[in-house]
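Work through the exercises below with the sequence and the structure open. Try each task before reading its solution.

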Amino acid sequence: MSKPESIIRIRDLRKSYLTGKVSVEALRGVNLDVPKGEFLSIVGPSGSGKSTLFHIVGGLTPPTSGEVVVAGRNVSTVGDAGRTELRRSSVSFVFQKFNLLPNLTARDNIKTALFISGLPTHFEGELKNVLELLGIAGRLDHKPSEMSGGEQQRVAIARALATRPAILLADEPTGNLDTANSLAVLGILRDLNRRLGQTILMITHNTEAAEYGDRIVHMRDGLIVETSTTA
Amino acid sequence: MILKLVWENVRHKPVRTLLSILLVAVPVTLILTIIGLSIGFFEDSKRRSGGVGADVLLKPPNANVISFSTVTMPSKIVDVLAGEPHVVQAMGTVVNPTSGFLEALNGIDPVAFNKMSGGFRYEEGHNLEGPDDILIDSWYASQHKLHAGGKVNISNKEWHISGIVEPGKLGHLFVQMHTLQEMVGASGHVSQVFLKLDDPKNTAQVVSYLKAKYEGYPVLSMDELQALLSVDHIPVLKTFINVIIGLSVLIGFAVVSLSMYMAVLQRTREIGILKSLGATKAMVMGIILAEAFCIGLGGTVLGILLSYASRLAIQAFMPQAIVYTWWPIAGGIAMGAALLGALYPGMMAVRQDPIEALAYE
């Protein structure tokens, strides 16, 4: 049986930061393969390096050393423009604080993502389905300040999926939500993964949330210390 | 989509936006007012010099041809000039500056003046009759709320207003020539002589002839005089205008720079969001510059509107023209300053680390 194609391939990834004059090693040799279509949860305590890993995979910051290939693009060798192109075309983010543009309506937030990705800004069939699935089709003309946290996070998910990214990166997507909305958002992510084959990499503190993934990677002190599959 | 983003950004902070627009409008108004005053003054002077009906002007030696000069020459030269070839009428006048800004009393011989200019059109009253009579044009009268039959104190003398006339002939204030001659201690002297020729086509020939014969006397055709009445012929005024324009650029630059700097700071997180969505540096810079463009454009429009308001306010002291040809220039200066001012904040936004920007509270 052939090994499934890896959409994320990480080898000996290291990342050091300078905090004042002190060098902090956030990642100390991470190796990871994420097959296309997988829903991967990354868990670990604060300072474990999971956010740094997330930022490197998303092209928000370059690695110090090692190899990181995301959707066929070697993030470790491309410059700032290459990482911008990665964000524009291959990865999308869902953040804990939603990060919607506050001056724009939900519709315009989604359109902005489409525009930046160079895609048509009218909502086509697949996106309409996603909006229906997320239950926000009727809330598109509202601004973030007029929506609940759960609704804002659904808009953020819609915005992330609108550009049909190869990988959806979710950073504590339920961190600012109540239990009901958390369960709804996690359900949506799992549903998107199962129905659309969307590759999802989710960071979470919450072990119950992590269970929604196909596989859970545990990080500590800049290393992957354990990998487990979910039932 | 960028326009929408820019528009929503501009709309989101209306007070900051309006304040920035207002501050950009100030230098635009300043430029248009200064230019309008210069051109308005010269246009008014041209209109009034054209209204005399003369073809040639002769001034005393050493007199400045385009300003109020107190230099005089013996009035018998008027009769001499009247006998020159092609001259059908010579008329001397006396000019004496008053304490008002760019304002002078014009001493005239009413009969000679009426003959050369075709006469005044009276809105109130009648021509100069007594020695203390003064004629005032309606512009001056309306600014100072004067009427025929009333009194006015000019150059420390109480004058009786004999009439209010239509503007556009020589000056705003007219008195008997002999009265003014005595007043300024120049009896038997005139400040300038206007000549009417048998045919305006002979003007160049007569000017050349007079220049040769009356060496040292500035002689020029009325067309030449009108051509001299421009900003380009007064170096001090030109320098003054350039200084105002320089200051305007500086103000516009500083205002927009500060405004955009604040805007970039306030929108650090939004810039981080745009970057996380894959916005390029050019796109982020484009948004900042487009916003500055909007502020510059708004400032230009408001500045133009305010120049009308300044005209209303200044009209009482000086005629201010609305110079349409300077609208794009003043607008260009404001826009240039706005875009220049947005460059540094734009560079700040472009260089912002997306992770730090997203974490910005």
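The structure holds 20 salt bridges over all chains, a salt bridge being a side-chain nitrogen of Lys or Arg within 4 Å of a carboxyl oxygen of Asp or Glu. The model is predicted, so local features need pLDDT of at least 70 and side-chain atom pairs count only at pLDDT 80 or more, while totals for chains, interfaces and linings use all residues. Residues are numbered from 1 along each chain as its sequence is written, chains are lettered from A in the order in which they are written, and side-chain values use heavy atoms, with hydrogens and water left out.

**Exercise 1.** Find which parts of chain A are tied together by the pair A:Arg9 and A:Glu67.

Solution.
- Step 1: A salt bridge joins the side chains of A:Arg9 and A:Glu67, at 3.3 Å from N to O.
- Step 2: A:Arg9 belongs to strand E1 (residues 6-19) of chain A and A:Glu67 to strand E4 (residues 65-70) of chain A, so the pair links parts 58 residues apart in sequence. Strands (E, at least two residues) and helices (H or I, at least four) are DSSP runs, numbered from the N terminus.

**Exercise 2.** Describe how helix H4 and helix H5 of chain A pack.

Solution.
- Step 1: Two packed helices are described by the angle between their axes and the distance between the axes.
- Step 2: For H4 (residues 125-134) and H5 (residues 149-162) of chain A, the angle is about 160° and the axes are 10 Å apart. Axes are lines fitted to C-alpha atoms, for helices over the stretch in contact, and angles run from 0 to 180 degrees between N-to-C directions.
- Step 3: H4(A) and H5(A) are therefore roughly antiparallel (angles under 35 degrees count as roughly parallel, over 145 as roughly antiparallel, 65 to 115 as roughly perpendicular and the rest as oblique).
- Step 4: H4(A) passes H5(A) in a right-handed crossing.
- Step 5: A:Leu127, A:Val130, A:Leu131 and A:Leu134 of H4(A) make the contact with A:Arg154, A:Ile157, A:Ala158, A:Leu161 and A:Ala162 of H5(A), where contact means heavy atoms within 4.5 Å.
- Step 6: Eight residues of this contact of H4(A) with H5(A) are nonpolar, none is polar and one is charged (Ala, Val, Leu, Ile, Met, Phe, Trp, Tyr, Cys and Pro count as nonpolar, Asp, Glu, Lys and Arg as charged, and the others, Gly among them, as polar).

**Exercise 3.** Give the angle and the axis distance for H4(A) and helix H6 of chain A, and list the residues that meet.

Solution.
- Step 1: H4(A) and H6 (residues 179-196) of chain A pack at about 145°, with axes 11 Å apart.
- Step 2: From H4(A), A:Val130, A:Leu133 and A:Leu134 meet A:Ile188, A:Asp191, A:Leu192, A:Arg195 and A:Leu196 of H6(A).
- Step 3: The contact of H4(A) with H6(A) has six nonpolar, no polar and two charged residues.

**Exercise 4.** How many residues does each of chain A and chain B give to the contact?

Solution.
- Step 1: Chain A gives 24 residues and chain B gives 24 residues.
- Step 2: Three salt bridges are counted between chain A and chain B.
- Step 3: B:Lys4 and A:Asp108 meet through their side chains in a salt bridge of 3.2 Å, N to O.

Key: A crossing is left-handed if the near helix is turned anticlockwise from the far one by less than a right angle, and right-handed if clockwise.
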